[in-house]
Amino acid sequence: MVHYYISFDNPLTFYVQVQMTFEVSATAHDAVELQLPAWRPGRYELQNFAQKVQRVLIEDAASGENLAFQKVTKDRWQVPNAAGRTLKLRYNFYAHQMDAGGSWLDESQLYLNGVQCFMYIEGRREEACQLTLALPDDWQIACGMPQSGPHTLLAQSFDELVECPLIASPSLQHREYQVEGTPFYIWVQGECAPEWSRIVRDFTAFSAEQVALFGGFPVADYHFLNQILPYKHYHGVEHTNSTVITLGPAELLMTEGLYKEFLGVSCHELFHTWNIKSIRPAEMLPYDYTRENYFRTCYIAEGVTTYYGEYMLARSGVRTAEQYFEELNTVLRKHYDDYGRFNLSLADASMDLWLDGYKSGVPDRKVSVYHKGALVALLLDLTIRRLSHHQRSLDNVMRRLWEDFGKAGVGYTEQDYIRIVSEVAGQSMQRYFDQFVYGTAPLEKPLNRVLNSVGCQLRIRENASISEGIFGFRTAVKSERTEVTAILPGSPAAAALTVDDEIIAVNGRRVVMNLQSLFADGAQQYELSIFRQNRLLTVTLVAAAEQRFWQKITVEKLPDATPEQQASFQQWLKQAF
């Protein structure tokens with residue numbers, strides 16, 4: 001067994017002391033190699049956690065002798081001549097990252113994501129681990145790992161150890177509910193006043209709907225670990241039998257706006273218990289913590305989950321259809337705001353998450369696996385429902401993935417997914433994949449067609465902003481300076497402006513937070529005075545006839561939906577039309 005021990009001297013420094021003790025076989029010939037993960041499951045980019053490690057020491061536990069070692073990569077250490085010894089590794093870890101994938105230490109709590117701060121022994125990841133925490137007696141621990149004693153937790157392997165984040169605090173609140181005999185725990189850390197009866201009711205409803213979809217739950221219990229913060233924040237990360245959610249501001253938790261986010265991220269992360277934590281891409285069995293784990297199916301892992309995260313809230317009756325459409329419209333806006341949808345496919349965007357998937361990146365380069373992935377999942381769900389007269393749906397695809405791969409612990413491939421989708425649909429779906437997963441075909445017409453089958457439609461409205469809708473550029477006011485922040489390819493603005501231009505005047509009139517009113521006369525041409533790289537220039541904007549930009553696309557019910565369409569709507573959302 002590998003023993004980990006966590007302590008802290010001064011929480012004001014944010015440094016946690018990590019100790020790792022393990023025996024080395026007397027017959028070991030090779031040097032011991034210790035590896036700190038370079039990334040964490042749930043965020044597919046290298047994060048280089050070793051930059052948070054301070055003062056590494058390795059000693060013989062029996063004699064106290066300091067041992068020689070060498071750092072051989074940015075996050076790998078090599079210890080020679082260790083055979084027959086018990087090694088004690090010590091270092092400090094800087095726990096000052098408060099998000100759902102981070103770690104944090106202060107006077108009120110210790111929050112750890114072990115994947116950031118625990119090293120493993122190369123070749124011994126399957127070995128059992130014990131984690132002991134030096135904590136005040138009155139502190140509770142919220143964690144998916146079982147506790148074997150006071151402030152002591154056990155994991156069957158390193159992977160389980162780092163898959164179980166923890167919050168330790170004297171002020172944790174929690175409630176429990178059950179679905180089909182499985183206990184679910186909702187933990188809350190933060191200065192807030194949860195309406196527990198409402199929270200437990202809603203969480204029970206969407207959890208039961210998900211369990212019913214798959215016909216069972218992958219793990220013996222589940223923990224929602226919530227950091228409710230005193231400032232605005234939103235983030236969630238999935239784990240095997242838990243999730244961490246960071247949300248704020250705390251005083252607004254039970255208001256409509258923030259509670260909606262609380263439900264949405266919680267339902268989304270729970271769905272990941274099946275989709276990515278159990279139903280895993282073949283490329284990620286097992287995880288390689290030292291480098292990128294490329295996979296082309298992140299649109300399934302994240303896009304399908306984004307679709308179901310809000311859809312399940314409506315299907316379980318937690319949210320109304322109108323509330324669901326508000327969230328769907330947000331996804332549509334984010335997708336159609338980005339012209340990268342013309343330039344990168346979903347499959348390639350899945351690969352490129354490792355490149356810059358969580359940053360805005362250069363303009364118009366990429367598409368979101370979350371937003372387009374969700375819309376493509378909606379298209380697939382309604383297509384299968386239409387083809388089968390609601391006898392089958394995307395539910396059947398996900399259940400097949402769970403039965404064939406998740407339960408068996410076998411990774412699925414792109415071709416496995418294509419095959420199962422076609423089998424459930426009852427016909428070849430290769431054209432769907434070629435156009436919308438491996439290609440960049442527009443979604444408007446096919447989405448509108450399948451939405452019509454459930455009594456809904458896509459509605460396109462013009463952008464009310466003249467600078468955006470007519471000329472194709474966006475601005476932001478910074479210290480009373482109007483600066484260009486985005487320009488659409490092929491727009492009138494693309495021929496005259498560039499990002500970071502400061503607009504000084506329109507037709508000789510000074511711009512002071514009044515840009516839209518200066519365009520309000522409806523002219524087809526304007527002279528703009530701008531500063532570009534500190535040079536004063538004059539450029540001409542000329543409107544393009546019949547061309548409009550950044551239109552608003554929303555989902556709405558058809559006002560004249562037929563009884564058949566209304567019945568299909570009810571079968572899809574489990575709500576009356």
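Which side chains does a polar contact of 3.3 Å join?

## Histidine 390

The side chains in question are those of histidine 390 and serine 568; a polar contact is a pair of N or O atoms within 3.5 Å, one able to donate a hydrogen and the other to accept it, and residues adjacent in sequence count only if both atoms are side-chain atoms. This is a predicted model, in which local features need pLDDT of at least 70 and side-chain atom pairs pLDDT 80 or more, while totals for chains, interfaces and linings use all residues. Residues are numbered from 1 along each chain as its sequence is written, and side-chain values use heavy atoms, without hydrogens or water.

Histidine 390 is located in the loop between α8 and α9 (394-406). Its relative accessibility of 17% places it among buried residues (under 20%; exposed is over 50%, partly exposed in between; 1.4 Å probe, protein chains only). Beyond neighbours within four places in sequence, histidine 390 is in contact (heavy atoms within 4.5 Å) with Arg385, Val454, Ser568, Gln571 and Trp572.

## Helix α11

In helix α11 (residues 430-437), the buried residues are Tyr432, Phe433, Phe436 and Val437. Viewed down the helix axis, they fall within an arc of 100° and so line one face of α11. The elements covering them include α5 (298-315), α7 (346-356), α8 (371-388), α10 (414-425) and α12 (444-452).

## Valine 512

Valine 512, in the loop between β25 (509-510) and α14 (515-518), is partly exposed at 37% relative accessibility.

Notes:
Helices (H or I, at least four residues) and strands (E, at least two) are DSSP runs, numbered from the N terminus. The arc is that of the directions from the helix axis to the C-beta atoms.
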